[in-house]
Amino acid sequence: MTKFEVTQILSQIEAGDPAAADALLPLIYNELRRFAARQLDAENPGQSLDATALVHEAYLRLVGDQKFENRHHFFAAAATSMRRILVERARTRNSLKAGGDYNRIELENAPVAELERDDELLALDAALDQLAAVEPQAAQLVHLRYFAGCTMKESALLLKMSLRSTNRLWAYAKAWLSRELRPE
C-alpha cells in the first residue's frame with residue numbers, strides 16, 4: 001500500500017465513485033487490523049469484540065459521509081473511531097455495574113498502556129478530550145500511539161513531524177495525562 005494509492009482512492013470516494021470504497025478496504029485492512037489487535041491486547045481478557053469486528057465497525061463509521069484529505073487524516077480518523085467504539089462499550093458495561101466511580105490512573109511509559117478496567121478507559125477518554133482542547137496535536141499523537149498502536153516513527157510520519165519533535169510532544173502528552181489521571 002502506498003500513500004498515493006490510499007489518498008487517490010479517498011479522493012475518488014469523495015468524488016462519489018461507488019467502487020472506490022470497495023477498493024479501499026483491501027489496501028488498508030491489514031494495517032487497521034494490526035491497530036485493532038494492539039488496542040484489544042490492552043483490554044481485559046474475555047472481550048466479546050475481536051480485532052476483525054472492531055475494524056469492521058470502525059470502517060463502517062468511516063465510509064459514510066466523511067471526507068478525508070489524505071492517508072494520515074484517514075488513519076487518524078480510524079484511530080479515533082476505534083477509541084469511540086471501545087469507550088462506548090466500556091460505558092455500556094460500566095452502566096450495568098453498581099458504583100462506577102472513576103479511578104484516576106497514571107499513564108505508563110510503555111507505548112501502549114494497559115488499562116485494567118472500563119472506568120480507567122473512560123477516565124483516559126475524558127482526559128484526552130481535555131488535552132485535545134489544549135493541544136490538539138498532542139491528543140492526536142496519543143490516539144495514534146495508544147489507540148492505533150503506532151510506533152514513534154510511524155506517528156512522526158503520519159503527523160508530518162520530525163522524530164525528535166514527535167518524541168518531545170509524546171513526553172508532553174504523557175506528562176499532561178499523568179497529571180490529569182494521577183490520584184489526588
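**Helix packing exercises**

H6 and H8 are roughly perpendicular to each other (65 to 115 degrees). This is a predicted model, where local features need pLDDT of at least 70, side-chain atom pairs count only at pLDDT 80 or more, and totals for chains, interfaces and linings use all residues. Residues are numbered from 1 along each chain as its sequence is written, and side-chain values use heavy atoms, without hydrogens or water.

**Exercise 1. List the secondary structure elements of the chain and their order.**

Step 1. Count the elements. The chain has eight helices and zero strands (DSSP runs of at least four residues for H or I, at least two for E).
Step 2. The order is α-α-α-α-α-α-α-α.
Step 3. Check the range of the contacts (heavy atoms within 4.5 Å). Among contacts in the chain with a separation of 6 or more, 64% join residues 24 or more positions apart.

**Exercise 2. Describe how H6 packs on H8.**

Step 1. Locate H6. Helix H6 spans residues 136-147.
Step 2. Take the geometry. The H6 and H8 axes, fitted to C-alpha atoms, are 9 Å apart, at an angle of about 90 degrees (scale 0 to 180).
Step 3. Name the residues. H6 brings Gln137, Ala138, Leu141, Val142 and Arg145. H8 meets them with Thr166, Leu169, Trp170, Tyr172, Ala173 and Leu177.
Step 4. The charged end of Arg145 sits over the ring of Trp170, 4.7 Å from its centre (limits: within 6 Å of the centre and within 35 degrees of the ring normal).

**Exercise 3. Work out the orientation of H7 relative to H8.**

Step 1. Mark the helices. H7 covers residues 152-159, and H8 covers residues 163-181.
Step 2. Read the axes. They come within 9 Å and cross at roughly 105 degrees.
Step 3. Assign the orientation. That angle makes H7 roughly perpendicular to H8.
Step 4. List the contact. Met152, Lys153, Ser155 and Ala156 of H7 touch Leu163, Thr166, Asn167 and Trp170 of H8.
Step 5. Inspect the connection. Lys160 is in the loop between H7 and H8. Lys160 is not a glycine, yet its phi is positive, about 60 degrees. Lys160 is exposed (over 50% relative accessible area), at 65%.

**Exercise 4. Find and classify the aromatic pair.**

Step 1. Apply the distance rule. Ring centres must lie within 6.5 Å. The count comes to one aromatic pair.
Step 2. Classify the pair. The Phe74 and Phe75 ring centres are 5.6 Å apart and the planes stand at 85 degrees, so the pair is edge-to-face (over 60 degrees).
Step 3. Check burial. Phe74 and Phe75 are both buried (under 20% relative accessible area).
Step 4. Widen the view. Of the 184 residues of the chain, 45% count as buried.

Notes. Angles under 35 degrees count as roughly parallel, over 145 as roughly antiparallel, 65 to 115 as roughly perpendicular and the rest as oblique. Rings of Phe, Tyr and Trp (its six-membered ring) pair if their centres lie within 6.5 Å; planes under 30 degrees apart count as stacked, over 60 as edge-to-face and the rest as tilted. Buried means under 20% relative accessible area, exposed over 50%, partly exposed in between (1.4 Å probe, protein chains only).
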